Each structure stands twice: as C-alpha cells, then as structure tokens.
Amino acid sequence: VDAPGEPLTDTHRRFLADNTQVYLVVRRPDGKPMAYPMVGRWEDGGLEFSTYRKSAKVRHVERDDRVCCLVVPRDRGVDDRVLATWGQAAMGDAGRDRWRAALQGGDGGAAGIEVSAEVRAKVADRLANQKRVILRVEVERATFVAGGAGG
Amino acid sequence: LRVVPVAERPNIAMTDSEVRALLARAGEVVVAAIAPSGWPVATLAPARLDAARLAIDVAADDPLADSLVDDAAVCCVADEGASYLDIKGVIARGSVAGVETDGALRRVDVRIEHVVSFDFGKLPEARDT
C-alpha cells in the first residue's frame, strides 16, 4: 500500500534542506504510534537522524520500517508551512563520517539550535564508538499539511 | 566517592505541574496516529489542555483526519527550547475519546494515558553552566 502524500517535488526537497526540526513517527510493536522530536539532516535525497543504537526507536523501525517525518520550521513567523513526509527507514553507516565531521567542525548551527562544543564532542565520540547510529529515511512521498499555511 | 553504574541515567523528567504548564502554553501539538493503510501519519494542530485530556482541532482534509476515530491510539508531542540545555518536551500517548465535525474541522478529544517528559536543563552539565 502506498504511503499518503504525493511523490517528492523540488519544493519539498528545498523545504527539507532548509529545516532541521523533525518529528519522527514510528509504529510500535503494539501497533500504536510513537513520535520523537529529532534533529534531521537532509543528505543525498534522504533524511538522517543520529540516535542511540539501543534506543526504542531503532528497535521499532527494525520491526516496521514505515515512518512519517513531520518537518516544522523553528521560526514559523518566517515560514509557517508544515511538511509531512513518508518513507522507509534503515540504519546506515554511510552518514556516520559526515555527521562526525559536521559536529567536530563546529557545525552546531546545522542543528538549528545552540549546541555547546561539549555536547557536540560527546555525540561525535558516541558516533565514533558506534554507541550512536545514523537512522536514514528514504523519503518518497510528502505533502504540506493543513496545520501549516501550505495545506 | 559515589560509584555510578554505567546504565544509570540522570532523571530529567518534568514534574506533573511542569508537564501541565508546558501543554497549557504550547498552543499547538504534533499529533500522530496510524492510518488504516498501516502507515504512521502526523500533523501539527491547535490544542487545549483540559484536565487529563487534550482538545485538538484537525482540518478535515488533513491526511491524519480519517485516522482519528473513537478509541484510535494517538501520540501527541509538545516541545520547546532555542538551545540544547533549554529543550523541554512532553510525549503524551492516549486514545481518541470523541470526535465532532465542525465545518472544515474535526474537534478531537484525546484521553491522555501515558506521559514521557524531558527537561535538558536538569542534565548534570546544565548545573555546570
């Protein structure tokens, strides 16, 4: 069964590249939804998240890889659109070095929020020792939802 | 000297009154459900806290709307914070306890059954700043 929404457009891709506040919605083993506030990075046509390997969200997507990512601009006074996207998630090591480089390079602004050097170093270290993994969503469909002005 | 087990994590949960205050001032929450197709769906919607319930308004043409039927499981998120140590959030799971259609809106009553909260300002490193 196809996910909701329409095939991804360049407008969707630009929005994904510009906004890092993402709510990752997964299906728990009991069939109920679970939403996680995350920092998402749009890289090479996919949405990537850094998370603990042993986290519940990793277990949930390993069981059912269908996810919804709701993308909400941090400053809705500038852009009040809200984008719902859908795709399949998987653990991917390909993005690990890119994330570490961004964190070690002081790219705290990439998160869209102030993150101290100490916290960035801790996350980079946990990516290096594989306590943290990169969860990548191949986004296939999207739509601006009625919660934002784009609906 | 206090030996801290590796698995021990600091308790950064918010108090009940902090949770209520955040939900009350949020104004909008992320609402998530599972569509009949099996795919997760979500939107951002105006919400009001009323005791142990959230009253949520969802546009009738939102992809989420048809999933919000009586007893459907939902998950709502409210969070805030402009810097890492200011981040606070509430993840409230529950079920739909009534739906009314009002023109182009669905007014959905969500019974809150389980809450997870976090306040990064309660992390040990926040005390050092």
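**Interface.** I began with contacts in this predicted model. I found 31 residues of chain B in contact with 37 residues of chain A. I then looked up the area. Chain B and chain A bury about 2,800 Å² between them. Carbon and sulfur atoms carry 70% of it.

I searched for salt bridges between chain B and chain A and got one. Arg76(A) makes a salt bridge with Glu28(B). Their closest N and O atoms are 2.7 Å apart.

Next I asked which elements of chain B give two or more residues to the side that touches chain A. They are strand E1 (28-34), strand E2 (40-50), strand E4 (73-80) and strand E5 (88-102). I sorted the residues of that side by type.

**Arg53(B).** I moved to this residue, which lies in strand E3 (residues 53-59) of chain B. Is Arg53(B) buried, exposed or partly exposed? Its relative accessibility is 33%, so I logged Arg53(B) as partly exposed. The cut-offs are under 20% for buried and over 50% for exposed.

I listed its contacts, leaving out residues up to four places away in sequence. Arg53(B) touches Arg48(B), Ala97(B), Asp109(B), Val110(B), Arg111(B) and Ile112(B). Arg53(B) and Ser95(B) are 42 residues apart in sequence and 9.7 Å apart in space, C-alpha to C-alpha.

**Aromatic rings.** I searched the whole structure and found three aromatic pairs over all chains. One of them is Phe15(A) with Phe144(A), edge-to-face. The centres are 5.2 Å apart, with 90° between the planes. Phe15(A) sits in helix H1 (residues 10-18) of chain A and Phe144(A) in strand E8 (residues 132-144) of chain A, so the pair ties together parts 129 residues apart in sequence. Both Phe15(A) and Phe144(A) are buried.

I then looked at Phe118(B) and Phe120(B), which form a tilted pair. I noted 5.8 Å centre to centre and 45° between the planes. Phe118(B) and Phe120(B) are both buried. With Tyr84(B), they form one aromatic cluster.

Technical notes: Residues are numbered from 1 along each chain as its sequence is written. Chains are lettered from A and ligands numbered from 1 in the order in which they are written. This is a predicted model: local features need pLDDT of at least 70, side-chain atom pairs count only at pLDDT 80 or more; totals for chains, interfaces and linings use all residues. Side-chain values use heavy atoms; hydrogens and water are left out. Contact means heavy atoms within 4.5 Å. Buried area is the accessible area (1.4 Å probe) that two parts lose on being put together, summed over both. A salt bridge is a side-chain nitrogen of Lys or Arg within 4 Å of a carboxyl oxygen of Asp or Glu. Helices (H or I, at least four residues) and strands (E, at least two) are DSSP runs, numbered from the N terminus. Buried means under 20% relative accessible area, exposed over 50%, partly exposed in between (1.4 Å probe, protein chains only). Rings of Phe, Tyr and Trp (its six-membered ring) pair if their centres lie within 6.5 Å; planes under 30 degrees apart count as stacked, over 60 as edge-to-face and the rest as tilted.
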